[in-house]
Structure formats: structure tokens, C-alpha cells
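Please take a moment to look over the chain shown below before reading the points that follow. The briefing goes through selected residues, grouped by topic.

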Amino acid sequence: MIKKFALAVVTLASTISFSQAQDKKDFVQYINTPHTWVDSVFNTLTPKERIAQLFLVRAHTNLGQRYIDSVAQVVHDEQLGGLVVFQGGPERHVAMFNNYQQLSKVPLLITFDGEWGLGMRLPDSTLSYPYQMTLGAIQNDQLIHQMGQEVAKDFHRIGMHFNFAPVVDINNNPKNPVIGFRSFGDNKENVARKAKAYMDGMMDGGIISSLKHFPGHGDTDVDSHHDLPQLTFSKERLEDLEMFPFKALIKDGAPAIMVAHMNIPSLDPTPNIPSSISKPIVTGILRDQLGFRGLIVTDAMDMNGVKKFFPNGEADVMAIIAGHDLLEVSENSKRAIDLVLKAIQEGRINQADVDARVKKVLASKLWLGLDQYKAVNPQNLYAELNRPSAKQLIDQLSEASVTVLKSTAKIKAFKPSEKTAILNIGLQAPSTFQNIMATALSNETQYYIAADATEAELAPIIKEAKKNKQIILAIHDTRSRPRPEVAASDAVKSLVKKLAKKSIVTFFTNPYAIDGFAGVQKSKTIIVAYQNDDFMQRAVAQTILGQNIPSGKLPVTINKYFRYGDGK
């Protein structure tokens with residue numbers, strides 16, 4: 001063990017002493033101010049260890065003990081700045097964090113992609129909050145601020161410090177394969193407002209929030225995990241639209257920004273250069289033009305979007321040259337550190353610039369209270385991460401997001417005692433919505449319709465459904481990440497078209513999927529639920545039963561019938 005800082009056990013009530021951090025209102029000013037602790041730690045580090053503070057290594061607990069041990073060896077040998085945490089279980093994560101922290105001379109900065117909370121990576125044992133597209137429909141931004149605070153509590157309890165959220169990309173391309181439901185929507189002002197509420201909630205809760213993906217990943221048709229997207233827009237368009245939320249939130253004290261892997265010729269004409277390793281973009285625009293002085297972090301450096309044209313560690317060196325403070329998930333951090341050291345010796349990288357960034361990272365750890373780091377207590381962890389107050393907020397968010405298009409006429413007229421047919425498309429068995437409705441209604445019949453059902457299979461169902469005074473069409477997308485279309489047969493789409501006028505039509509999926517159902521606009525009442533999770537199914541059932549007054553507004557334009565801001 002080479003740990004130089006005292007370890008102790010903590011509980012939820014005193015996870016880490018954040019009273020000091022909470023007094024530091026201006027994070028950006030704080031990390032750009034000299035601190036005695038920062039200087040003292042900096043002076044204990046070797047040249048390689050200083051560079052290593054800028055690197056974050058991938059960490060899992062779902063890949064076996066051998067993998068966990070291999071990362072432990074990297075943490076011990078290379079003394080990296082922190083972790084980027086992926087899948088596993090909370091108790092295993094806590095054990096891993098406590099172990100890795102003991103191996104580090106400087107407390108590790110533990111980061112996480114938690115756009116909808118811990119459940120984004122730990123879905124089986126922790127809570128997921130609504131997706132950002134769902135949040136984009138909410139009219140009470142204070143609820144989103146409260147969500148940020150609850151996410152911060154979860155981070156503290158498990159021993160993490162830095163959330164790569166919110167996404168501030170404006171999803172103005174309905175077919176976007178990588179952003180979509182992860183965005184607050186296609187209206188730049190709404191995106192900025194919602195992102196500010198979420199960001200402020202997390203910062204008020206004592207964790208670092210990172211906006212992403214600069215300069216804007218919302219209008220791409222390529223997933224940068226797999227290839228390098230190209231944005232061919234003018235600089236003027238990018239500054240007015242894609243960069244708008246970043247500019248607004250920088251003025252509001254944004255603590256950190258992640259830069260995407262995209263090729264943008266209007267901002268840097270270098271052939272095949274990803275924005276993440278472009279000095280004209282990272283330093284020239286983000287630092288100099290926009291005046292951002294917080295932490296700048298790369299998107300994952302093992303993504304094809306960056307390594308395709310700059311392999312073998314050159315992308316890591318170029319990311320430092322570009323102006324980054326933190327590099328997420330280098331393919332080979334040992335090689336990268338050696339290459340950065342060589343680049344300093346060759347004059348490609350200025351030593352003083354690197355030292356300043358190292359001190360910013362150390363100051364961020366000081367802001368977080370990691371100078372008084374305490375180990376995390378696994379006792380009662382599961383219960384505290386699944387606390388009733390957080391579940392109650394999830395229900396409030398869900399209810400506030402429910403969006404009713406056209407009119408509420410069929411909801412107001414709905415009677416639990418009337419003969420009702422519920423046609424469940426995309427399900428083979430009852431889920432939360434079906435169970436609630438079956439309990440509440442005294443004369444209902446449920447039909448379960450496969451997405452690939454044929455006309456022959458559906459004809460008798462349509463005939464029987466028409467005999468009911470009330471019809472509910474519930475369209476479910478059971479995929480964990482709802483896409484902008486639902487894979488439904490022509491016969492299923494025809495069923496929706498034939499019954500829409502008589503039905504309450506509910507979409508438990510990405511709102512863009514509505515465009516795939518011709519004739520659905522004939523329904524008097526369309527309910528948009530944005531996702532298929534139990535909490536959204538409960539919220540819709542309560543809405544139909546008159547127990548929730550819908551207040552959500554569409555965060556995107558779907559087609560000529562349904563536009564941004566629609567909702568009754």
C-alpha cells in the first residue's frame with residue numbers, strides 16, 4: 001500500500017465532508033486559484049506522475065476479478081488521475097473503489113456516464129431517472145434541479161465524483177443514431193434551460209457536471225463510437241445553433257465540457273481531424289473565443305471516431321496539444337504518458353501548460369474534498385441507493401412529462417366502468433400499464449399484438465375491438481434505448497390507422513416514432529410517454545384514470561401535425 005492520505009469509513013449521512021466544497025460556489029474560479037494542498041501534492045509527483053493525473057482509465061466490475069486486478073495494476077504502476085466507471089454492481093464497485101484508492105498516492109477522481117443516473121450503467125440494482133428527451137417535456141425545471149441533487153447523493157454514496165452529464169446536444173436530426181432520446185430536444189433555449197437545471201442540481205449537490213458533446217453532436221448521421229462523423233455546416237450555423245447551449249452555460253459557470261469526435265471542416269480544415277484533438281477548436285474556440293476556463297475532457301479515446309485516423313497513441317498526444325485537461329479511456333495510458341513526455345522533451349508540448357492543467361485537476365479534487373478522502377462503507381448500500389424519496393421524485397418527473405396531443409377529450413370522457421378494449425402492440429404479456437388498467441377497469445379486454453403480426457391475425461382483433469365503447473392503443477418499444485422508429489408490420493400500422501379515430505393512442509417510445517404511423521393524427525387524444533419504463537407506464541395509467549393532469553409539451557418537432565411545444 002502506498003496511500004499517503006488517511007482512510008476511514010463513511011455512511012450516507014456523512015459520505016465525505018462536503019461542507020467545504022459547498023462553500024466553493026464558483027468552481028471555475030476555484031480551480032484556477034492557487035492552493036497550498038495542490039502545490040504540496042504537485043511537488044511530490046514525478047514528471048510522469050504529473051502527466052498521469054490527466055488520464056482516466058476504464059473500470060468495470062462485470063468482467064471478472066482478473067480484469068479488476070489488471071486495472072489495479074495500472075492504477076498502482078502509472079498513478080493515473082482517475083477512473084471512468086462502466087458496468088457492474090454497486091457493492092462490487094465500492095470494493096473496487098476502496099481498493100484502487102489505497103493504491104494511489106493522490107486520491108482518484110472517479111467519473112461516470114450517468115445521464116439518467118446510476119441506472120445508466122448499473123440498471124439491475126440502482127435507479128434510473130427519465131431520459132433527457134422525457135425531461136425536455138417537463139415545464140417545471142425545479143424538478144430537474146431536484147433530480148440533479150438526487151443523482152449527486154447517489155454519486156456520493158457509491159464514492160464517485162464527476163458525472164459526464166448533461167447532454168446539451170440539440171437533436172435537430174430525428175434519425176441521429178447516437179444522441180436522440182439522450183437530448184432534451186430540438187429547441188436550443190429549452191435545451192439550455194433544462195441542462196442548467198440538471199447541471200446546477202449536481203453542482204449544488206457537490207459533484208462535478210460535464211456538458212457534452214462540444215461543439216454539438218445533435219445533427220449527425222454517424223455514431224462516433226464506430227466512425228468519424230462529419231459536420232459540413234458553416235461556422236455561423238454552428239455558433240448560432242449547436243454551440244448555443246454551451247455558450248449560455250459557460251456564462252452560468254459550467255464546470256466542465258466534453259469535446260466530441262467529429263470532423264468539422266468549417267472550424268478546422270485539417271483532413272480527417274476530429275474536433276477532440278483539434279487545437280483550433282479546443283483552444284481556439286472553446287478556450288479563447290468562448291472564454292471557458294473550466295475542465296475540458298475528451299470523449300473516450302478508444303472510440304473509432306478518434307483513433308481511426310490517428311492510431312498508436314498519436315491521438316493522445318494531439319489531445320494534450322489541443323488543450324485538454326483530462327483524457328478519457330486512452331487505449332494504452334502507459335504508452336500515452338511516455339509519448340506525452342517525449343513530446344514535451346521535443347518541444348511539441350509546453351511543460352508549463354501541462355503543469356497548469358495538472359494543478360487544475362488537483363484543485364478539482366480539493367474542491368471535492370478529496371484532500372480528506374474517506375473510504376466508502378458498503379453497509380446498507382443497496383437500500384440507500386434505492387431510497388423512497390428518489391423513487392417518489394422519479395414518479396413526479398414522469399407524471400410531469402406526460403404529453404397529450406390534439407385534445408384531452410377522450411381522457412375526460414373515459415369511464416372505468418365502460419366496456420374497454422386495450423390493444424397492446426409490441427408486448428407478449430402484461431406489463432405495468434396493463435396491470436394497473438386491469439385492476440382499475442371493471443369491463444376490459446386486453447389483446448397482445450406482436451409487432452410483426454399479419455393482416456389475417458389482426459382482422460378478428462379489429463372486429464372485436466370495434467364493439468367496445470372505449471379503445472386504448474398502447475404502442476410499446478421494449479428496447480432499452482428507444483429508437484426513432486418502431487419496427488411494426490404494415491398490418492400493425494394499418495390497425496393503428498383504422499382504430500385511431502376511436503382510440504386513445506399511447507406511445508411508450510421515442511416521440512419521433514409517431515411519424516411512422518400514418519393516420520394516427522385522426523385520434524382525438526394521443527399520449528406521448530417517451531419511454532417504456534415502469535414509471536412512465538404508471539404515469540400514463542394515472543393520466544387516463546384522471547389521477548394525473550398532463551402538463552408536458554413536445555420537446556421536438558415530429559412532423560407537420562405535431563410540433564415543438566404542442567401539448568394540452
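Helices (H or I, at least four residues) and strands (E, at least two) are DSSP runs, numbered from the N terminus. Please keep in mind throughout that the structure is a predicted model.

**Backbone features**

- Most residues other than glycine have a negative phi, and most peptide bonds are trans.
- Although N272 is not a glycine, its phi is positive, at about 60°, and with a relative accessibility of 34% this residue counts as partly exposed.
- N380 is likewise not a glycine and has a positive phi, here of about 65°; N380 sits in the loop between β10 (375-376) and α17 (381-385).
- The relative accessible area of N380 is 44%, and N380 is therefore described as partly exposed, since that class lies between under 20% for buried and over 50% for exposed.
- The peptide bond that joins A165 and P166 is cis, with an omega of about 5°, and P166 belongs to the loop between β5 (162-163) and α9 (188-204).
- A cis peptide bond also leads from F214 to P215, where omega is near 0°, and P215 is found in the loop between β6 (208-214) and α10 (235-242).

**Salt bridges**

- How many salt bridges does the model contain? The count comes to 29 salt bridges, where the rule asks for a side-chain nitrogen of Lys or Arg within 4 Å of a carboxyl oxygen of Asp or Glu.
- One of them pairs D302 with R58, and the closest N and O atoms of these two residues are 3.1 Å apart.
- D302 lies in the loop between β8 (295-298) and α13 (304-307), whereas R58 lies in strand β2 (residues 55-59), so this pair ties together parts that are 244 residues apart in sequence.
- K235 and E239 meet through their side chains in a salt bridge with an N to O distance of 3.9 Å, and both residues lie in helix α10, 4 residues apart, which is about one turn of the helix.
- An α-helix has 3.6 residues a turn, so residues three or four places apart point the same way.
- K235 itself is partly exposed, with a relative accessible area of 31%.
- The side chains of E242 and R237 form a salt bridge as well, at 2.7 Å from N to O; here E242 is buried, with a relative accessible area of 3%, while R237 is partly exposed, with a value of 26%.
- Salt bridges can also link several residues, and D113, E115, R121, R182 and K212 are joined in such a network.

**Buried residues in helices**

- Which residues of helix α20 (residues 432-440) are buried? T432, F433, Q434 and M437 are buried in this helix, and the buried residues of α20 pack against β12 (420-425), β13 (444-449), β14 (470-476), β15 and α23 (534-544).
- E150 has its place in helix α8 (residues 141-158), and with a relative accessible area of 10% E150 is buried.
- Leaving aside residues up to four places away in sequence, E150 touches Y129, R387, S389, A390 and L393.
- A192 lies in helix α9 and counts as buried, with 9% relative accessibility.
- When residues up to four places away in sequence are not counted, A192 touches F244, P245, A248 and L249.
- Between A192 and D515 there are 26 Å in space, C-alpha to C-alpha, and the two residues are 323 residues apart in sequence.

**A charged patch on the surface**

- What kind of charge gathers where K497, K501, K522 and K524 come together on the surface? These residues form a patch of positive charge.
- K501, one of the residues in this patch, is found in the loop between α22 (490-499) and β15 (503-508).
- With a relative accessibility of 61%, K501 counts as exposed, because exposed means over 50% relative accessible area.

Notes: Residues are numbered from 1 along each chain as its sequence is written. This is a predicted model: local features need pLDDT of at least 70, side-chain atom pairs count only at pLDDT 80 or more; totals for chains, interfaces and linings use all residues. Side-chain values use heavy atoms; hydrogens and water are left out. Buried means under 20% relative accessible area, exposed over 50%, partly exposed in between (1.4 Å probe, protein chains only). Contact means heavy atoms within 4.5 Å. Patches are made of residues with over 30% relative accessible area and no salt bridge: like charges are joined within 9 Å, nonpolar side chains (Val, Leu, Ile, Met, Phe, Trp, Tyr) within 5 Å. Accessible areas come from the Shrake-Rupley method with a 1.4 Å probe; for residues, only the protein chains shown count as cover. Lys and Arg count as positive and Asp and Glu as negative; His and the chain ends are not counted. The place of a charge is taken as NZ of Lys, CZ of Arg, CG of Asp or CD of Glu.
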